[in-house]
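Reader: I'd like to learn how to read a few features in a model like this one. Could you walk me through them?

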Amino acid sequence: MKRLIIAFLATGVAVNAFAQVKMKPEETEVWNPVPQVVTPGDSYSKPPSDAVVLFDGKDLSKWESTNRPGKAAGWKVHDGILTVDKKAGNIQTKESFMDYQLHIEWRIPEDIDGSGQLRGNSGLFLASTGKGDRGYEIQILDNYNNKTYVNGQAGSVYKQYAPLVNANKKPGEWQSYDVIWKAPRFNADGSLKDSARVTVIFNGVLIQNNVALKGETVYIGYPKYLAHDASPIKLQAHGDPSKPISFRNIWIRKL
Ligand code: MG
């Protein structure tokens with residue numbers, strides 16, 4: 001019996017390295033203090049001369065399916081923008097990156113429905129470390145007038161850091177993230193050498209100031225690191241039933 005239990009536990013640990021099934025999602029939600037509302041300025045930023053343009057409104061040639069690497073990304077490009085196809089799943093860049101500066105613009109549909117986490121949920125994964133939602137997520141959500149846990153609102157490092165302020169624009173308006181990402185570094189034995197760090201500017205307003213990530217994003221339980229190298233950048237096709245959001249003008253500068 002004892003051996004059986006040990007075998008079961010060992011399997012459980014291996015399979016559920018990220019699931020931490022004994023906890024509930026609510027246990028890692030933070031609701032206070034609520035970030036102050038700030039009215040932002042402009043969002044559009046023309047790519048600088050040394051940027052690599054990841055999406056210019058024409059096609060998804062720089063992107064692929066996350067769960068089926070090598071296969072087409074499968075989201076809809078129309079009218080110079082990119083709209084999430086929830087059935088197609090997450091998409092990611094074909095190229096992998098370490099440290100970078102990234103600009104991305106996104107728009108919640110004007111007639112968005114739903115509430116809490118089920119209102120325009122998507123996400124920018126700064127490094128995609130595996131299929132599905134593996135990686136480090138900056139939350140994308142409509143929080144113009146929509147309450148949720150603060151470490152899960154737009155611009156949060158999901159379940160790690162709430163944004164410093166709430167700089168959301170109204171649904172229907174284009175918004176932007178400008179991100180400075182320093183990838184984590186690992187020792188040869190896989191242990192963490194240096195934490196990942198991120199700075200995020202939301203619609204021209206600083207909301208994450210060089211914060212040190214605690215590990216990969218997890219929905220249930222606590223974040224942890226697992227060694228990885230350069231990684232793709234990923235966009236989330238979240239399963240919430242609200243209308244899909246759109247993206248445009250995505251560019252990157254390698255650092
Ligand atoms: Mg999300």
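Author: Donors are N, O and S atoms within 2.8 Å of the metal (3.2 Å for Na, K and Ca); water is not among the atoms, so sites may look incomplete. Keep in mind that this is a predicted model, where local features need pLDDT of at least 70 and side-chain atom pairs count only at pLDDT 80 or more, while totals for chains, interfaces and linings use all residues. Residues are numbered from 1 along each chain as its sequence is written, and side-chain values use heavy atoms, with hydrogens and water left out.

Reader: Okay, which residues coordinate the magnesium ion?

Author: Asn121 (OD1), Ser122 (O), Glu137 (OE), Gln139 (OE1) and Gln236 (OE1), at 2.2 to 2.3 Å. Along the sequence, these donor residues follow the spacing N-S-x14-E-x1-Q-x96-Q. Asn121 is in the loop between β7 (100-107) and β8 (122-125), and Gln236 is in the loop between β16 (234-235) and β17 (246-254), so the pair ties together parts that are 115 residues apart in sequence. Strands here are DSSP runs of E, at least two residues, and helices are runs of H or I, at least four, numbered from the N terminus.

Reader: Are Asn121 and Gln236 buried or exposed?

Author: Buried means under 20% relative accessible area, exposed over 50%, and partly exposed in between (1.4 Å probe, protein chains only). Asn121 counts as buried at 6%, and Gln236 counts as buried at 2%.

Reader: Now the rings. How many aromatic pairs are there?

Author: The general idea: a pair of aromatic rings is described by the distance of the centres and the angle of the planes. Rings of Phe, Tyr and Trp (its six-membered ring) pair if their centres lie within 6.5 Å; planes under 30 degrees apart are stacked, over 60 edge-to-face, and the rest tilted. That rule gives ten aromatic pairs. In one of them, Trp31 and Tyr149 have centres 6.1 Å apart and planes at 65 degrees, so the pair is edge-to-face. Those two residues are 118 residues apart in the chain. Trp31 is partly exposed at 39%, whereas Tyr149 is buried at 4%.

Reader: Which residues form an aromatic cluster?

Author: Tyr136, Trp181, Phe186 and Tyr225 form one. Both Phe186 and Tyr225 are buried.

Reader: And where do lysines sit over rings?

Author: A charge sits over a ring if NZ of Lys or CZ of Arg is within 6 Å of the ring centre and within 35 degrees of the ring normal. Lys214 lies over the face of Tyr161, 4.9 Å from the ring centre. The charged end of Lys234 is over the ring of Phe125, also 4.9 Å from its centre.
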